[in-house]
Amino acid sequence: MPNPIKPEKSVVTTCAYCGVGCGFKAETRGEKIVRMIPWKEGKANHGHSCIKGRFAYDYYNAPDRVLTPLIRASIDDPWKSVSWEEAFAYAAGEFKRIQAKFGVKSIGAVSSSRCTNEEIFLTQKLARAVLGNNNIDNCARICHSPTQFGLTQTIGAGAASQHFDSILQADVIMIVGANPTEGHPVFGSLMKRRIREGARLIVIDPRKTETVESAHCKADVHLAIRPGTNVAILDSIAHVIVREKLYNEAFVHARCEVAEFENWKALVGDDKYAPEVIGPIANVDPADIRRAARLYAGGPNSTIYYGLGVTEHSQGSTGVMCLGNLGLSCGMLGREGVGVNPLRGQGNVQGGSCLGSWPHVFSGYRFVTDHATRSSFEAEWGVTLDAEPGLRLPNMLDAAVAGSFKGMYIMGEDPVQSDPNQHHVIAAMKNMECVVLHDLFLNETSKYAHVFFPGSSSLEKDGTFTNAERRVSRVRKVIEPLAGLQDWEITVKFMNALGYELSYDNPGEVLDEIARLSPNYSGMSFALIDQIGSAQWPCNKDAPQGTEVLHREKFPRANGLGTFMLTDYVPTAERTSDRFPLLLTTGRILTQYNVGTQTRRTPNSVWHPEDVLEINEQDAIARGLQDGDWVQMSSRFGQIQLRARISERVNPGVVYTTFHHAKSKANAVTSDLSDWATNCPEYKVTAVDVVRIRVPTGTASLEAARLEAAE
Amino acid sequence: MAQTNSPTQGAEMPVMALDRILSMANQIGDFFAPYPPERRAEGIRNHLRTYWDPRMRDQLLQHIAAGGAGLAAPVIAGAKLLQDEAHAKPGYYGPPKA
């Protein structure tokens, strides 16, 4: 008898989970995927993979996958299955009606970092060229928008300065607000390899994460800061570098704006940032701040990797600038082994950032207010474009609550579960007259949607992703789209229904259009990637196969120089009080992915069937809590119920949870504060209290949840 | 179709709640506080001009015209430069210019 799971076909593609973007061979039998094999030639992963990419692929085939378009006039009505033509016509009719009644700017669009570069580019084209406004945003708004802002201000490019393999030349690795062994496991393994070879490790994180201590990994310095004090601690590290003259004067004079360096020295060199002053504020030993500063400045090759623990704060952009300032001051940019590198949460956050799904910039981070840039897009697209920035996603929701914003096209995103202050998001959704949701499943947002376009998974379409090291790799169609259309085709047909004529034979033609309109992508094409496997931007006539390390000779700013921003510490308005004495922070776990839309529909849930609340023993005793007890956690914004786990990973005064499960509703408690520059939500600091409750009725035991997940 | 202007309401309606506008503006002011007054005002102007929807800017300026209660003085100074054509500059990245 033939082996029923023996593959008949193998297609090289790119994993759609985290920002590492591993290459995989997707192997099929008939129209079913039977296994995912890590691709040895993949330049991001060199044949390695994690438990998500390797095993969590079956979601595409989940029984609740929606396979026909749905419409309804009111969110109180049941869904009605319709043809694609009827769904496009209905959604287009509603958007036109709303714009006629409430104005051109009453509608917007949001794309996702789970979409390909081509889809993200098309969604901004839909908003700008077809809806006629710049109300276009993407989910990087709520994760790495401060990266784009903060790094561009200092070093000129909102992207990782290095390729992943660069870490193998590093002597000192500083990880800030990230947990790569869980969140970016394949990169985490590369980091551990370098640590085994003797590299020193500094971790700045409120929680004693798996990166601080686990197999093959132990931090030389762990600054377990109080949530919300990133900028204070980074300024204090800078203070030591300035006062002890550990900076690289030759680099600064050759490569940076010296006057701004002097201004920066005056600010961070002030006594108010001395470790002895900041230590008590951040709840760390001043001697550890000095050790971290000396280690980092001493190199010889020091590199920074950071995550959402830096960005998701009211001073998220300031925190990113601090990292840019540090790299410049110590000359840790422009060669292998050094750098400042964001670890991107989703597979295509970097692409989402690059390709103009922002209300203020076109692809290539060029302002919509700039006449020359706008003209190049107008010439290509044949329409006059709005010269003013549009609304950001949180502003769209604010405007919906106020009544000035009435419709939204949401591609591959679940704002109701993902965005902060869930009650506010739901109020916004309910106030809109037409929400068009384009996704695989009826997610939490679908409860408030009027049109549902059934999308295609990354296994069912062609395109490209840009990973956290700026590497553009091919996403290849492994099986036919289950609902009949690839995502890029859905967006194009929706644009057609709205009255804008355009067509592409394949998404390679969209990438060609991207290349014509975006300097860093000017050399990219399907043909190039098919030929060399992948390419890191900038990819252009000077670097026809791409660029591994940025900033070697100059920074991509007008004068070619790096610069320093003044990064004063401004404490967040979110404070503990008698009523809410604990600080909640959040993170991810190895086996699950973000809000779990995909991984929760796979057997990976056996490993993580529910979100739990980590709490220090001291705080647990003070509340009469035992390990495994159910608790109610309350904030100014709402309350949720989940199980407690007593843990030494969090300090007294800090609690921690993951946000993978819709039923635990972590974002019902998170605050509505956001980054000053980008409105990126402050997910990482919420004042809460925790009280023991009886087991909620109708709650399955943990064991039963595991069994259910395994079935 | 893309260029149709808003025919009816929308323009008169505030784009979002005023307290949201004011708290965002004050946060921007906090960031630029370490810069000397002239650069601080320009930093605030450039940020509002480059990143804010014009309706949000109008709402802020109308509130300033009505007295600007709840706004820090440097924010008012920076926002007012939006109305002064002599201060118009193309958007830019980097430290505020003098």
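## A tour from loop to interface

Select A:Pro538. This residue lies in the loop between strand 22 and strand 23 (582-587) of chain A. Strands and helices here are DSSP runs, numbered from the N terminus: E for strands, at least two residues, and H or I for helices, at least four. A cis peptide bond joins A:Trp537 to A:Pro538, with omega at about 0°.

This is a predicted model: local features need pLDDT of at least 70, side-chain atom pairs count only at pLDDT 80 or more, and totals for chains, interfaces and linings use all residues. Residues are numbered from 1 along each chain as its sequence is written, chains are lettered from A and ligands numbered from 1 in the order in which they are written, and side-chain values use heavy atoms, with hydrogens and water left out.

Go to A:Pro300. Look in the loop between helix 11 (286-298) and strand 13 (302-306) of chain A. Here a cis peptide bond links A:Gly299 and A:Pro300, and omega is about 0°.

Now pick A:Asn283. This residue sits in the loop between helix 10 (275-282) and helix 11 of chain A. A:Asn283 is not a glycine, yet its phi is positive, about 65°.

Two strands pair if DSSP finds at least two bridges between them.

Zoom in on strand 20 and strand 21 (residues 471-475) of chain A. They run antiparallel and are joined by 4 bridges. Which residue of strand 21 is the bridge partner of A:Thr466? The partner is A:Val472.

Angles run from 0 to 180 degrees between N-to-C directions; axes are lines fitted to C-alpha atoms, for helices over the stretch in contact.

Keep helix 3 on screen. Helix 3 (residues 117-131) also lies across strand 6 (107-111), strand 7 and strand 17 (407-411) of chain A, running at about 170° to strand 6.

Those strands belong to an open sheet of 7 strands in chain A, with the order 5-4-19-18-17-6-7 and mixed pairing. Why is one side of strand 5 (80-81) and of strand 7 (136-138) left without a neighbour in the sheet? Both stand at the edges with a single partner strand each, so one side of each has no neighbour there.

Next, colour strand 4 (residues 70-71) and strand 19 (residues 451-454) of chain A. They are antiparallel, with 2 bridges between them. A:Leu70 has A:Phe452 of strand 19 as its bridge partner.

Then show helix 19 (residues 487-497) of chain A. It lies across strand 17, strand 18 (434-439) and strand 19, at about 160° to strand 17 of chain A.

**Domains 2 and 4**

Colour chain A by domain: domain 1 (9-61), domain 2 (70-138 + 348-536), domain 3 (145-342) and domain 4 (582-710). The bounds come from an automatic or database domain assignment.

Focus on domains 2 and 4 of chain A. Their centres, taken over C-alpha atoms, are 31 Å apart. Contact (heavy atoms within 4.5 Å) involves 13 residues of domain 2 and 22 residues of domain 4. On the domain 2 side, helix 16 (393-402), helix 17 (415-418) and helix 18 (422-430) of chain A give two or more residues. How many salt bridges are counted between these domains? The count is 0. A salt bridge is a side-chain nitrogen of Lys or Arg within 4 Å of a carboxyl oxygen of Asp or Glu.

**Chain A meets chain B**

Show both chains. The contact takes 56 residues from chain A and 40 from chain B. The buried area is about 3,900 Å², with 56% from carbon and sulfur atoms. Buried area is the accessible area (1.4 Å probe) that two parts lose on being put together, summed over both. Select A:Phe367, A:Leu566 and A:Trp676: they supply 17% of the area that chain A buries against chain B, more than any other three residues.

Here the salt bridge count is 4. Select A:Glu260 and B:Arg39, which form a salt bridge with their closest N and O atoms 2.8 Å apart.
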